[in-house]
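Please keep the sequence and the structure at hand while reading.

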Amino acid sequence: MTTPEENKRAATEFTDKVFNQHDMGYLKDAISDEFVDLSPWPGAGNDKTAVIQFFEGLFQRIPDLRAEVQHVIASGNKVAVHAIYTGTDTGGFMPGMPPTNKVASMAGIDISEFDDEGKQVSHFGIQDTMAAMMQLGLIPTPEGGQPPHDH
């Protein structure tokens, strides 16, 4: 059984290898074959294959995507990671959206559950997509307001 500290290291390594290095081989090894995404993006599936396809598409749409970890909290076999994700929208922020070629930052909180081998078995995430969409000019900012940036 993995410890909370080992799970924190695994979650931090996942953020670096997947979001910063775009290491798809690491992604495929780091998540269990029984993986379930409890909060898939619109139109995406929630199993391991769908998550791999999601990241492949994400890195095509935002090829310079990076993550900066702000906080990591672990309890038992669950880890919460708060990070700021930044990248240039060169292929459309989400499938079906036109590219803006602008840089946006988005805060996110992801909760991952790990099995006894240290692989992710589930994920639940909340991202501030509205802030990113305002920065990209995809939705209007409040009257007289500025689009939100890093949180």
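## Salt bridges

A salt bridge is counted where a side-chain nitrogen of Lys or Arg lies within 4 Å of a carboxyl oxygen of Asp or Glu. The model is a predicted one, in which local features need pLDDT of at least 70 and side-chain atom pairs count only at pLDDT 80 or more, while totals for chains, interfaces and linings use all residues. Residues are numbered from 1 along each chain as its sequence is written, and side-chain values use heavy atoms, with hydrogens and water left out.

The structure holds two salt bridges. In one of them the side chains of Lys8 and Glu5 meet at 3.8 Å, N to O, and because these two residues are three apart in helix α1, about one helical turn separates them. Helices (H or I, at least four residues) and strands (E, at least two) are DSSP runs, numbered from the N terminus.

Asp33 forms a salt bridge with Lys48, their closest N and O atoms being 3.0 Å apart. Asp33 lies in strand β1 and Lys48 in helix α3, so this pair ties together parts that are 15 residues apart in sequence. Asp33 counts as exposed at 62% relative accessibility, whereas Lys48 counts as buried at 15%.

## Helix α1 and the residue after it

Helix α1 covers residues 4–20, and its 17 residues should span 24 Å at 1.5 Å a residue, which agrees with the 23 Å between its end C-alpha atoms; the expected span is 1.5 Å times one less than the number of residues. The buried residues of α1 are Asn7, Ala10, Ala11, Phe14, Thr15, Val18, Phe19 and Asn20.

His22 follows α1 and is found in the loop between α1 and α2. The phi of His22 is near 55 degrees, a positive value in a residue other than glycine. Most residues other than glycine have a negative phi. Asn101, in the loop between β3 and β4, also has a positive phi, of about 60 degrees, although it is not a glycine. Asn101 is exposed, with a relative accessible area of 57%.

## The largest nonpolar core

A nonpolar core is a set of buried Ala, Val, Leu, Ile, Met, Phe, Trp, Tyr and Cys residues joined through side-chain atoms within 4.5 Å. The largest such core has 33 residues, of which Phe14, Phe19, Leu27, Phe55, Leu58 and Phe93 touch the most other members. At least two residues of this core come from each of α1, α2 (24–30), β1 (31–37), α3 (48–61), β3 (78–88), β4 (103–114) and α4 (129–135). The element that gives the most to this core is α3, with six residues.

Contact here means heavy atoms within 4.5 Å. Leu27 touches Phe14, Val18, Ile52 and Phe55, not counting residues up to four places away in sequence.

Tyr85 is found in strand β3 and counts as buried at 7% relative accessibility. The C-alpha atoms of Tyr85 and Leu65 are separated by 6.9 Å, although the two residues are 20 apart along the chain.

A polar contact is a pair of N or O atoms within 3.5 Å; within protein, one must be able to donate a hydrogen and the other to accept it, and residues adjacent in sequence count only if both atoms are side-chain atoms. Such a contact, of 2.9 Å, joins the side chains of Tyr85 and Asp110. Asp110 has its place in strand β4, and its side chain also makes polar contacts with the side chains of His123 (2.6 Å) and Gln127 (3.2 Å). Asp110 is buried yet has no salt bridge, the nearest side chain of opposite charge being Arg61, 14 Å away.

## Asp89

Asp89 lies in the loop between β3 and β4. Asp89 is buried and has no salt bridge, with Arg61, the nearest side chain of opposite charge, 6.6 Å away. A polar atom of the Asp89 side chain lies 3.0 Å from the backbone nitrogen of Phe93.

Note on methods
Buried means under 20% relative accessible area, exposed over 50%, partly exposed in between (1.4 Å probe, protein chains only). Lys and Arg count as positive and Asp and Glu as negative; His and the chain ends are not counted.
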